[in-house]
Amino acid sequence: MDISVVIPLYNEAESLPELYAWIERVMKANNYSFEVIFVNDGSTDESWKIISDLKQQSSSVKGIKFRRNYGKSPALYCGFEKAQGDVVITMDADLQDSPDEIPELYRMIMEEGYDLVSGYKQKRYDPISKTLPTKLFNATARKISGIKNLHDFNCGLKAYRKAVVKNIEVYGEMHRYIPYLAKNAGFDKIGEKVVHHQARKYGSSKFMGLNRFVNGYLDLLTLWFLSTFGKKPMHVFGFLGSIMFLIGLLAAIFIGADKLWCLANNIPQRLVTDSPYFYISLTMMMIGTQLFLTGFLGDLISRSSSNRNDYQIEETI
């Protein structure tokens, strides 16, 4: 099969017939063998009924229905698991992503050898309350991930080589960072294509709100830490703990030496326990010890983990 199109959706009943008709028209015009996997993320409208009706009309339609709303990442994970196409394309169900982009995305994967091609909505029709934080978010993601050529990490329109989606785990709200997940899995040929962005035709956005951006940054920090220190937590916690303990110890030695020098020279000196620096040094030693033990326990846990030796092997001969 040439192409699998994975479409996560939540309450998008109005747009589904038009979206599928558009995808089918593009696929047939280019003689692609294809499947369209709709992942119904706990919709409360008629979305599943429409997907069922589309399935009756076309064998290319497949559907996955969640019992409740889990989020976009779980929807993509389940869609990726079922996808059979050589190239997997994701898009949103709100008609803001154009299926006319599919042939060029497919060509970039198959002919230019990209592992992943991300869409870039250079001209957006979203309100400034969404576009301005998005620009800041993408700048931070580029800096931390090291993928300098992507301008829109969270664009729903992406194309993947089949091996990519079968070797990454999209969980929580990590759909924003699929290029970063792919890079960490060894798929580092990542490209970008400017795509057409259309104004929403039906309903309203399901992904508005400040928590979307706050959670995005927290997820990015989590992913950075896991990719950098996930298999060696002692390297960061042990290092920080050792530094803090050493500074606290040196400070305590200095305070003790100063007290002894004053006593030897009959210089009046208050009690060591009356000095705030004594408690600061003691606190640093305690925190340093705790950080060191955290790293030690983290190492023990990682060594006991079932995926401690989960390495991406591209080929075996």
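Where is the place of Trp48? Trp48 sits in helix H2. Helices here are DSSP runs (H or I) of at least four residues, strands are DSSP runs (E) of at least two, and both are numbered from the N terminus.

## About the model

This is a predicted model: local features need pLDDT of at least 70, side-chain atom pairs count only at pLDDT 80 or more, and totals for chains, interfaces and linings use all residues. Residues are numbered from 1 along each chain as its sequence is written, and side-chain values use heavy atoms, with hydrogens and water left out.

## Helix H2

Trp48 has 26% relative accessibility and counts as partly exposed. Leu16 is 32 residues from Trp48 along the chain, and their C-alpha atoms are separated by 10.0 Å.

Helix H2 covers residues 47-57. Lys49 and Asp53 form a salt bridge, with their closest N and O atoms 3.3 Å apart. A salt bridge needs a side-chain nitrogen of Lys or Arg within 4 Å of a carboxyl oxygen of Asp or Glu. Lys49 and Asp53 are four residues apart in H2, so about one helical turn separates them. Asp53 is partly exposed, at 32% relative accessibility.

How many salt bridges does the count come to? The count is 10. Side chains of opposite charge can pair when their charged atoms come close.

One of the bridges joins Lys121 to Asp97, with the closest N and O atoms 3.1 Å apart. This pair links distant parts of the chain, 24 residues apart. Lys121 is in the loop between E5 and helix H5 (128-145), while Asp97 is in the loop between E4 and helix H4 (102-110). Lys121 counts as buried, at 7% relative accessibility. Asp97 is buried too, with a relative accessible area of 0%.

Arg107 is partly exposed at 27%, and Glu104 is partly exposed at 28%. Salt bridges link Glu104, Arg107, Glu111 and Glu112 in a network.

## Strands around E6

Which way do strands E4 and E6 run? They run antiparallel, and four bridges join them. E4 spans residues 87-90, and E6 spans residues 158-161. Strands pair if DSSP finds at least two bridges between them. Thr90 has Lys158 in E6 as its bridge partner.

Strand E5 (residues 116-120) also runs antiparallel to E6, with three bridges. Leu116 stands opposite Tyr160 in E6. In a regular strand the side chains alternate between the two faces of the sheet.

## Aromatic rings

The count of aromatic pairs comes to four. Rings of Phe, Tyr and Trp (its six-membered ring) pair if their centres lie within 6.5 Å; planes under 30 degrees apart count as stacked, over 60 as edge-to-face and the rest as tilted. Phe80 and Tyr160 form an edge-to-face pair, 5.4 Å centre to centre with 65° between the planes. Phe80 lies in helix H3 (residues 72-82) and Tyr160 in strand E6, so the pair ties together parts that are 80 residues apart in sequence. Both Phe80 and Tyr160 are buried.

Phe278 and Tyr279 have ring centres 5.2 Å apart and planes at 80°, so this pair is edge-to-face. Phe278 is partly exposed at 23%, and Tyr279 is partly exposed at 42%.

## Two loop residues with positive phi

Most residues other than glycine have a negative phi, and most peptide bonds are trans. Asn11 is not a glycine, yet its phi is positive, about 55°. Asn11 lies in the loop between strand E1 (3-9) and helix H1 (16-29). At 18% relative accessibility, Asn11 counts as buried.

Asn266 also has a positive phi, near 55°. Its place is the loop between H9 and helix H10 (276-304). Is Asn266 buried or exposed? Asn266 is exposed, with a relative accessible area of 70%.

Notes
Buried < 20%, exposed > 50% of the residue type's maximum accessible area, 1.4 Å probe, protein only.
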